[in-house]
Amino acid sequence: MAPNTPAGRPGTLTPQEEEKLRELWALTMKVFGVHGSPEESNGVEPAAEAPAATPATPAPAAEKEKKKSKLSVFSRHKKDKADKAEAEATPASGTSTPDIGRLSLSTDDDKFGQTAEFKAAIANIPAEDMRNAFWSFVKHDHPDALLLRFLRARKWDVEKALVMMVSTIKWRMGEMHVDDVIVKNGELGALEDATQTKDAKAKKDDEGFLEQLRMGKSYLHGLDNAGRPMCFVRARLHKAGEQTEESLERYTVYTIETARLLLRPPIDTATVVFDMTDFSMANMDYTPVKFMIKCFEANYPESLGTVLVYKAPWVFNAVWSIVRGWLDPVVAGKVSFVKNVDELSKFVPRDQIPTDLGGDEDWVFKYPEPVPGENDTMKDTATRQKIEADRAQIVHRYESAVLEWVSAGSSTQTDALDQRRKERDTIAEDLRKNYWVLDPYVRARTLYDRMGVISQGGQLAFYPGKGAAEPAAAAAATTAPARVSTSADDLD
C-alpha cells in the first residue's frame, strides 16, 4: 500500500467494503462467463492471443435465440427460470455466489439509462468479448482499483456498480471504440487518414480532432498541491460549430485516456482547471459540456479530484446555474471558483502555474507534430501476440485468485484474507509491468510521449529536464488544500 492511500482503495478497505468488492467480482466473473472453481471455470483458459475488443457481429438465427434467452434471467415471475438461475448460481466448489438472474436492476437514479445499456450488453455481446474488453480497459491499473471506482461511485451498491461497469464496457466497445480506434490510431493515424480519405465527413472529423490538439484547447501539464496531474482547459479557444460533434467527443475521450496514463497510486484522480480568461457567450457550447459530464459521471467514475474554475466573468453565472443542475451533487461539490492567482495558488504551486495564468512558470504550450514512423512498433504483430499471450496467462492467474477468494467467502480468517489480497496485489503488479511492455504495440504515441512526459516503460517526467517526482512521491509529502469556494455568486 502506497503512503497516504485514500479510503476505499486496495489496501485500505474495511471488512464491509472488502465484502462488497468480493460480491462485485463474483458477479463480474459470471458476466464474463468465468465461474465455478478455478479448475473448472469457463472461459479462463490461457489463450495464445488476447482477441481485440470489438463490437459483436450479427449472429445466426439460432445463436440470436440463444442470446435472447439471456434476457429471460431478468424475469422474476416464472419459478422454473428462477430455479434454473439459482442452480447456475452455485459454483463447482458449492459456495453460493450472487446470481445475475436475481438482480433487481432498479432504474432509480439512472441518469444515463445505464440499466438498459446493461441489459443490451448482456443480451447481445458475447461474454468472452466483454471479458477481453474489460482487461483492455484495465491497462496498467490494479483490477481491484478499477472495480472499486464503480463501487464508490454507486455508494457501495454492488448491483448498481455492476450495471455501471458493464454499460461502460459496452460504451467503450460499441459507441466510442476507445481502445481499437481512438487509442490505437491516435494523432498520426488521424493525420494520415485526413490526407488520404475521400470521405468529406471523415476528413473533417480527423482535421477537427487535430486542430484542437494543435491549438491547445486543453493540455495536460504539471501537478497540483496534492500531487494530482492537471488538465488545463482554455474555454476562450472553443467556438461552437468549428469542430464536428464526433471530433469533439474523440478529443475529449483521447485526453481522458491519456490522463489515465499519468496516474500512479496513491494518486487516482486528476485536477481540471477551466481557464475562463476572456470567456464570452460565443465560447459556450452545451453539447460538449453534456458529453464531458457523462464521461466523468458514467464512464470514468471517481476520476476527478477537483475542478477549478479560474477567472470566470459575471456572464458565467447564467451558464453555471444551468450546468450545476446537470451535475451529480458529489461532482458539483468538487467545483471551486478561484478569482485570481493567489486563490489558485492554494491549489497549485505558484511556480507550477504558467505565466499566462499569472503564475511564475515560464512555459507555453506548443504542440509537437506527429513524427512519421513513430508507431512502427505496432506493425510487429508477432511480438505483440507474444506479449498478449503473456498477459493472457497473467489474467488467468488473477481470475483464478479472484475465484478462490470468492469461494473462500467472508468467513476466512483475517490473516488468510490479507494473504489473498497480497496474492492479487502481486499478480496486479505483474499485469502493470506487462502493460508497459505491451503499450508501444497497442497505443499510438501522443504529444506527451513526444514531449518526454511519458517515456519507455511508463516512466513519467511531469516537468521534463527538471527532475520532477512522480505523483506518488509528491502526494506523500503534501495534503489536499481546502476548497476556496463552491459558489459562483462572487464571480468577477
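Biologist: Which helix holds both arginine 22 and glutamate 19?

Modeller: Arginine 22 and glutamate 19 are 3 residues apart, which is about one turn of the helix. This is a predicted model, and in it the two side chains form a salt bridge with an N to O distance of 2.5 Å. The helix that holds both residues spans 15-31 and is H1.

Biologist: How many residues apart are arginine 250 and aspartate 206?

Modeller: The side chains of arginine 250 and aspartate 206 meet in a salt bridge, at 2.8 Å from N to O. Arginine 250 belongs to helix H10, while aspartate 206 belongs to helix H9 (residues 200-215), and the pair thus links distant parts of the chain, its members being separated by 44 residues.

Biologist: What is the relative accessible area of serine 247?

Modeller: Serine 247 is placed in helix H10, which covers residues 245-260. Leaving aside residues up to four places away in sequence, serine 247 touches Asp205, Gly208, Phe209 and Gln212. Serine 247 counts as buried, with a relative accessible area of 0%.

Biologist: How many salt bridges does the structure hold?

Modeller: Side chains of opposite charge can pair when their charged atoms come close. Some of the charged residues form a network of salt bridges, in which Lys139, Asp141, Arg172, Asp179, Glu257 and Arg260 are linked. The number of salt bridges in the structure is 37.

Biologist: At about what angle do helix H5 and helix H6 pack?

Modeller: Helix H5 (residues 127-138) and helix H6 (residues 143-153) have their axes 9 Å apart. Their contact is made by Phe134, Trp135, Phe137 and Val138 of H5 together with Pro143, Leu146, Leu147 and Phe150 of H6, and these residues divide into 8 nonpolar, no polar and no charged. H5 and H6 are roughly perpendicular to each other, the packing angle being about 100°.

Biologist: How many charged residues are there in the contact of H5 with H7?

Modeller: The axes of H5 and helix H7 (residues 158-175) come within 10 Å and cross at roughly 85°, which makes H5 roughly perpendicular to H7. On the H5 side, Asp129, Met130, Ala133, Phe134 and Phe137 take part, and they meet Met165, Val166, Thr168, Ile169, Arg172 and Met173 in H7. These residues comprise 8 nonpolar and 1 polar, while the charged ones number 2.

Biologist: What is the average twist from one strand to the next?

Modeller: The sheet is open, with 5 strands in the order E1-E2-E3-E4-E5 and mixed pairing. Strand E1 (218-223) and strand E5 (335-338) are the edge strands, each of which pairs on one side only. From one strand to the next, the twist averages 25°.

Biologist: Which residue in E3 is the bridge partner of cysteine 231?

Modeller: Strand E2 (residues 229-234) and strand E3 (residues 270-275) pair in the parallel sense over 5 bridges. In E3, the bridge partner of cysteine 231 is valine 272.

Biologist: How many residues of E3 are buried?

Modeller: In a regular strand the side chains alternate between the two faces of the sheet. In E3, Ala270, Val272 and Phe274 lie on one side and Thr271, Val273 and Asp275 on the other, and all of these are buried, so that both faces are covered. E3 is therefore largely enclosed by the rest of the structure, its buried residues numbering 6 of the 6.

Notes:
Residues numbered from 1 in each chain as written. Predicted model: local features only at pLDDT ≥ 70, side-chain atom pairs only at ≥ 80, totals over all residues. Heavy atoms only, no water. Pairing = 2+ DSSP bridges. Helix = DSSP H or I, 4+ residues; strand = E, 2+ residues; numbered from the N terminus. Axes fitted to C-alpha atoms, helices over the stretch in contact; angles between N-to-C directions. Parallel < 35°, antiparallel > 145°, perpendicular 65-115°, else oblique. Contact = heavy atoms within 4.5 Å. Nonpolar A, V, L, I, M, F, W, Y, C, P; charged D, E, K, R; others polar. Buried < 20%, exposed > 50% of the residue type's maximum accessible area, 1.4 Å probe, protein only. Salt bridge = Lys/Arg side-chain N within 4 Å of Asp/Glu carboxyl O.
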